[in-house]
Amino acid sequence: MAVHMAVKLDLVDALSAADGHTLTADELAVKVVKAEDKAESAALISCILRFLMSFDVVSCSTKKGPGSAVLWRYSLAPRCWWFTMNNGEGSLGPVAVFDVDEPTALGGTPAYNYFRKNPRLSTLFDQAMAHQSLLVIRKLLEHPKVFDSIEVIVDVGGGTGATLALIRGRYKHIKGINMDLAHVISEAPSLKELFYGVVHVAGEMFGSVPSGDAVLMKWMLHMQSDEECMMILKNCHKALPDNGR
Ligand SMILES: C[S@@+](CC[C@H](N)C(=O)[O-])C[C@H]1O[C@@H](n2cnc3c(N)ncnc32)[C@H](O)[C@@H]1O
């Protein structure tokens, strides 16, 4: 919850932008809070940061302030890197925001049915997935053998296409087919933008999967029953040639 608040209130990115300099809770309140009562906000910010300090997510040093006051000055601890936006290198920050908002909102409704009716949560989820994908896929790209002799790769449940855009950015000969539910694809960036070379397909993995040389599924099967996994994997198998992967 404290990480969630620190990301949601932009405290993490404000500390990151300070570029190694320390900031007090008052200075942070001026940067991130729009409300009039910055003193009250600074007290809350201070609670959040002291809690995070006890888990080494932020660092803190103290200095003597005016009179007998002690000034607590905060900066990012190394592990906080995972929650900053990192100039587009990937982040777990949006996942931390989503993980707290989501169970409150779902109230027992299966997640993807709920997202269909709630564009705000759907967008939050798609962004969370895209940012964490950057972290994982950038590592995968360091292994060219994985992509050897693939001409068409199908990302089943690929969200708004961030994974395939990264793969295409490095391996330009590969054509990407990004398949996801219609309401997710409707949010995907248009082909004219960054995603040149990625074709978006609205579909249902329990029905069929587009054909390609390789099928990619990331963070897809953990949420399905054994029977559902079998159904999806059979559809993937049908979509592949004999030497497919
Ligand atoms: C946990 S996310 C993973 C997204 C992406 N693969 C990643 O790792 O960033 C699951 C994805 O599966 C999609 N999905 C869920 N049910 C689906 C279905 N029946 N057919 C196709 N896609 C589905 C969701 O819309 C969502 O984008």
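Biologist: Is Trp219 buried, partly exposed or exposed?
Modeller: Trp219 counts as partly exposed, at 46% relative accessibility. Buried means under 20% relative accessible area, exposed means over 50%, and partly exposed lies in between (1.4 Å probe, protein chains only).

Biologist: What kind of model is this?
Modeller: This is a predicted model, in which local features need pLDDT of at least 70 and side-chain atom pairs count only at pLDDT 80 or more, while totals for chains, interfaces and linings use all residues. Residues are numbered from 1 along each chain as its sequence is written, and side-chain values use heavy atoms, with hydrogens and water left out.

Biologist: Back to Trp219, then. Where does Trp219 lie?
Modeller: Trp219 is in the loop between β6 and α10 (226–239). Helices (H or I, at least four residues) and strands (E, at least two) are DSSP runs, numbered from the N terminus. The phi of Trp219 is near 60°, a positive value in a residue other than glycine. Asp56, which is not a glycine either, has a positive phi of about 60°. Asp56 sits in the loop between α4 (38–53) and β1 (58–64).

Biologist: Let us step back. How many helices and strands does the protein chain have?
Modeller: The chain has 10 helices and six strands. Its C-alpha trace spans about 75 × 40 × 35 Å along the principal axes. Of its 245 residues, 44% are buried.

Biologist: How is the protein chain divided into domains?
Modeller: There is a domain 1 (2–83) and a domain 2 (86–239). These bounds come from an automatic or database domain assignment. The centres of the two domains, taken over C-alpha atoms, are 34 Å apart.

Biologist: And how many residues of each domain are in contact?
Modeller: Seven residues of domain 1 are in contact with 10 residues of domain 2, where contact means heavy atoms within 4.5 Å.

Biologist: What area is buried between domain 1 and domain 2?
Modeller: The buried area is about 790 Å², and carbon and sulfur atoms give 65% of it. Buried area is the accessible area (1.4 Å probe) that two parts lose on being put together, summed over both. On the domain 1 side, His4, Trp81 and Trp82 supply 64% of the area buried against domain 2, more than any other three residues. The residues of domain 1 that touch domain 2 divide into five nonpolar, one polar and one charged. For that count, Ala, Val, Leu, Ile, Met, Phe, Trp, Tyr, Cys and Pro are nonpolar, Asp, Glu, Lys and Arg are charged, and the others, Gly among them, are polar.

Biologist: What is the count of salt bridges between domain 1 and domain 2?
Modeller: That count is zero. A salt bridge is a side-chain nitrogen of Lys or Arg within 4 Å of a carboxyl oxygen of Asp or Glu.

Biologist: How many salt bridges does the rule count in total?
Modeller: The count comes to two. In one of them, the side chains of Glu27 and Arg73 meet at 3.2 Å, N to O. Glu27 lies in helix α3 (residues 25–32) and Arg73 in strand β2 (residues 70–76), so the pair ties together parts that are 46 residues apart in sequence. Glu27 is partly exposed at 32%, whereas Arg73 is buried, with a relative accessible area of 17%.

Biologist: Which residue forms a salt bridge with Glu142?
Modeller: Lys139 does, the closest N and O atoms being 3.8 Å apart. Glu142 is partly exposed at 48%, and Lys139 is exposed at 53%.

Biologist: New topic. Where is Gln132 found?
Modeller: Gln132 is in helix α7 (residues 119–140) and is buried, with a relative accessible area of 3%. Not counting residues up to four places away in sequence, Gln132 touches Ser91, Leu92, Val95, Lys218 and Trp219. Trp219 is the residue with which this conversation opened.

Biologist: What does the side chain of Gln132 reach?
Modeller: The side chain of Gln132 reaches the backbone oxygen of Met129 at 3.0 Å.

Biologist: Which residues of helix α8 are buried?
Modeller: In α8 (residues 162–170), they are Ala162, Thr163, Leu164, Ala165, Ile167 and Arg168. These buried residues pack against α7, β3 (152–156), β4 (175–180), β5 (198–202) and β6 (214–216).

Biologist: Last one: which residues does Glu187 touch?
Modeller: Glu187 touches Thr123 and Thr160, not counting residues up to four places away in sequence. Glu187 is in the loop between α9 (182–185) and β5, and is partly exposed at 44%.

Conventions. A polar contact is a pair of N or O atoms within 3.5 Å; within protein, one must be able to donate a hydrogen and the other to accept it, and residues adjacent in sequence count only if both atoms are side-chain atoms.
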